[in-house]
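Here's a quick briefing to read with the model open beside you.

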Amino acid sequence: MKHLKVLLLLCIVISCKNDKDTLSDKINYLKFTLHNSPRDTSKPILILNLNQTLDAESLNEISKEVSNFFDIKTSTQQQKVDFTKISTRIQKDTLQYAADDFLKYLNIDLASKNQLCNVALINIDLYPHNAWNFCYGKADFDTHCAVVSNFRLKTNDELINTIIHEICHTLGLEHCPVTNCIMHAAKDLKETQLRGNTLCGLCQKKLNYVLGKNLMEK
Ligand SMILES: [Zn+2]
Ligand SMILES: [Zn+2]
């Protein structure tokens, strides 16, 4: 086993000389493939429109954009939420809801059944945990579910950017240090706008792996 690892590392070092990926990118990608498996892309991405957060036109536009980005079918569903089940707090005069409670309450662990992943849209303010002021969304790696709030987002473009970011989390991608990569962690709207609408080379490669796509395609 030890020899195999040394051989693998040697192969990585040698192949590094032949393309533009750095050694740390290669190791990062290798770790990703060890912890993630290709998913069943015949299943759709489910977008849950909680308490009619979006009108039909916006929901349709967002659903199409998400489908185009991942090249995967999307489906949409309306769902009512009982807010009394969600923990709240007041932060700077704003009522906020616990993002984790949403994920638990919705119990949308459907990904292993009929969906590739689920993303729930809501129009109230969210917080990820007590130390943070707010969050635009939160994803759960294990259940493949995410929740995204449009409370602080001004445009559909910002909402689409955040939805794609959270869906990538549900597919196993983590935050990326490249500032214009869609997987860069955004602290505010300015950073959300700055990070652009595409993945950096390494994150794209990870996404291609998890979606079972030919690496030469994108
Ligand atoms: Zn994130
Ligand atoms: Zn990236």
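Which residue forms a salt bridge with Arg-152? Asp-125 does, and the closest N and O atoms of the two are 2.8 Å apart. Keep in mind that this is a predicted model, where local features need pLDDT of at least 70, side-chain atom pairs count only at pLDDT 80 or more, and totals for chains, interfaces and linings use all residues. As for bookkeeping, residues are numbered from 1 along each chain as its sequence is written, chains are lettered from A and ligands numbered from 1 in the order in which they are written, and side-chain values use heavy atoms, with hydrogens and water left out.

**The chain as a whole**

- The protein chain has 7 helices and 8 strands; these are DSSP runs numbered from the N terminus (helices: H or I, at least four residues; strands: E, at least two).
- Of its 218 residues, 46% count as buried. Here buried means under 20% relative accessible area, exposed over 50%, and partly exposed in between (1.4 Å probe, protein chains only).
- Take the contacts (heavy atoms within 4.5 Å) with a separation of 6 or more: 65% of them involve residues 24 or more positions apart.

- His-165 is in helix α5 (residues 156-170), while His-175 is 10 residues away in the loop between α5 and α6 (189-194).
- His-165 is buried at 4% relative accessible area, whereas His-175 is partly exposed at 48%.

**Salt bridges**

- The whole structure has 4 salt bridges, meaning a side-chain nitrogen of Lys or Arg within 4 Å of a carboxyl oxygen of Asp or Glu.
- Back to the opening pair: Arg-152 lies in the loop between β8 (145-149) and α5 and Asp-125 in strand β6 (residues 125-127), so the bridge ties together parts 27 residues apart in sequence. Arg-152 is partly exposed at 27%, but Asp-125 is buried at 1%.
- Lys-213 pairs with Asp-71, and their closest N and O atoms are 3.9 Å apart. That one links distant parts of the chain, with Lys-213 in the segment after α7 (201-210) and Asp-71 in the loop between α3 and β2 (74-79), 142 residues apart. Lys-213 is buried at 16%, while Asp-71 is exposed at 58%.
- Asp-100 pairs with Lys-138, with the closest N and O atoms 3.0 Å apart. Asp-100 sits in helix α4 (residues 99-106) and Lys-138 in strand β7 (residues 137-140), 38 residues apart. Both ends are partly exposed: Asp-100 at 31% and Lys-138 at 22%.

**Aromatic rings**

- There are 6 aromatic pairs. Rings of Phe, Tyr and Trp (its six-membered ring) pair if their centres lie within 6.5 Å; planes under 30 degrees apart count as stacked, over 60 as edge-to-face and the rest as tilted.
- Phe-69 and Phe-70 are edge-to-face because their planes are at 70°, with centres 4.9 Å apart. Phe-69 is buried at 16%, and Phe-70 is buried at 0%.
- Phe-134 and Tyr-136 are edge-to-face too, since their planes are at 80°, with centres 5.2 Å apart.
- Tyr-29, Phe-32 and Tyr-209 form one aromatic cluster.
- Arg-152 turns up again here: its charged end sits over the ring of Phe-134, 3.9 Å from the centre. To count, NZ of Lys or CZ of Arg must be within 6 Å of the ring centre and within 35 degrees of the ring normal.
- The charged end of Arg-89 sits over the ring of Tyr-127, 4.1 Å from its centre.

- Most residues other than glycine have a negative phi.
- Gln-52, not a glycine, has a positive phi of about 50°. Gln-52 is in the loop between β1 (45-50) and α3 (56-70) and is exposed at 61%.
- Asp-93 has a positive phi of about 65°. Asp-93 is in the loop between β3 (88-91) and β4 (94-98) and is exposed at 78%.
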